[in-house]
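Colleague: I would like to learn how to read a fold from its coordinates. Can we go through one model together?

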Amino acid sequence: MSTYIKNSHTDSPKINTAQMIEVDRLMMDEYHIGLIQMMENAGRCLAILVKERFFDGDVEGKNIVILAGTGGNGGGALVAARRLHNWGAKVQVYTTAEEERFTPIPLHQYRILKRMGVSISLAEPLPERENIDAVLDGIIGYSLKGNPHGIAAAMIHWANSQKVPIVALDTPSGLDLTTGEFYEPIIKASATLTLALPKKGLFACETKKVVGELYVGDISVPQELYQEKGLGLKPTNIFRYSDIIRLY
Ligand SMILES: NC(=O)C1=CN([C@@H]2O[C@H](COP(=O)(O)OP(=O)(O)OC[C@H]3O[C@@H](n4cnc5c(N)ncnc54)[C@H](O)[C@@H]3O)[C@@H](O)[C@H]2O)[C@@H](O)CC1
Ligand SMILES: [K+]
C-alpha cells in the first residue's frame, strides 16, 4: 500500500448523517474552516486514492470519467477532476444539470475546470465510449432524498454498466449513510472514500456489496470539534499516519 494510504488500526467512532451535517456546520460557523477548504481536501484525497489504488501511482493518459451533481458531493469530485487532469489523466466530466444550477462553491470548481479547458458538459446524452479506465461517482452524497431520479438515475445505470472501477465520494450514490438502506438505482462501487469519520450506514450488513473497499479521507476536522456540545464524540486521531485510511 502507498504511503498515502494505510490500514486502520484504530476503532474509530461511527456517526450518522445528522452528526456529519453538524460536524460540517461547526467546521464553518465555529472554527471558520471554509467549505472550499474542506472540498479541496476531499477532492485531493479522492484523486490520490484513484491514482494510488487503481493506477499504481500514475494516471498519465488514463481515461477517467467524472460524474458530478450540483451539490457538495459534485464539488468534491470536480476538485478531483482538476487534480487528475493536472497529473496527466484524460478527464471527461459529466454533470446532472447546467452550470447555472450549481450551488456556489461547486460552481466555483466548475468554472475553474472550464477555464482550464477540461471537458465538462451536461450528461444528456451520456457517452458511448469503450476506452474508459475508471469512473468517479460525485453524483449525490449525504443529501440524498429518496430514489435517485432523472439524469442522476441515468448516470448511475450508465456507470454500473461500464465494467470499470467506480470510485465513490463519501457514499455510493443511492445509499442512505445512516441506515444503510439501498435506494434504486444505486452505484455499485469498487471503492468508496468517505470523509472525516465513517458513517454508520457504511457498516450495515449488505452494504459492502455497493461500497466496495471502504476508505476515509482527512478533511482537517479539529480534535476539539468532536467534543463540542451536541456531538459529544471522543477526539479521534485516525489520520495520525496518513491522510487516507482503509477501513475494510
Ligand atoms: N463540509 C461539507 O459540507 C463538505 C461536503 N462535501 C460533500 O458534500 C456532500 C453534501 O453536499 P450537499 O449537502 O450539497 O448535497 P449532495 O451533494 O449530497 O446532494 C445534492 C445533489 O443531489 C441531488 N439529489 C438529491 N436527492 C436526489 C434524488 N433522489 N434524485 C436525484 N438527485 C438527487 C440534488 O439535486 C443535488 O444535485 C457530502 O456528502 C460530501 O460528499 C465535500 O465536498 C467536502 C466538504
Ligand atoms: K457519491
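Modeller: Start with the record. This is a predicted model, and an unreviewed UniProt entry lists residues 20–227 as "domain: YjeF N-terminal".

Colleague: What are the helix and strand percentages over residues 20–227?

Modeller: That stretch is 37% helix and 17% strand, and its end C-alpha atoms lie 13 Å apart. For the protein chain, the secondary structure comes to seven helices and nine strands.

Colleague: Why does the radius of gyration of the protein chain agree with a compact globule?

Modeller: The check sets the value against a rule based on chain length. A compact globule of 248 residues would have a radius of gyration near 18 Å, and the protein chain has 17 Å, so the two agree. Along its principal axes, the C-alpha trace spans about 50 × 35 × 35 Å.

Colleague: Which residues of the largest nonpolar core touch the most other members?

Modeller: A nonpolar core joins buried residues through C-beta atoms within 7 Å. In this case the largest core has 73 residues, and Leu-46, Ile-66, Leu-67, Leu-136 and Val-167 touch the most other members. Helix α2, residues 35–54, gives the most to this core, with nine residues.

Colleague: What does Ile-66 touch?

Modeller: Leaving out residues up to four places away in sequence, Ile-66 touches Ala-77, Ala-80, Ala-81, Val-91, Val-93, Leu-136 and Gly-138.

Note on methods
Residues numbered from 1 in each chain as written. Chains lettered and ligands numbered in written order. Predicted model: local features only at pLDDT ≥ 70, side-chain atom pairs only at ≥ 80, totals over all residues. Buried ≥ 20, exposed ≤ 12 C-beta atoms within 10 Å, placed from the backbone. Helix = DSSP H or I, 4+ residues; strand = E, 2+ residues; numbered from the N terminus. Contact = placed C-beta atoms within 7 Å. UniProt positions renumbered as here; feature names shortened; annotations may be inferred. Rg over C-alpha atoms; globule rule 2.2 N^0.38 Å.
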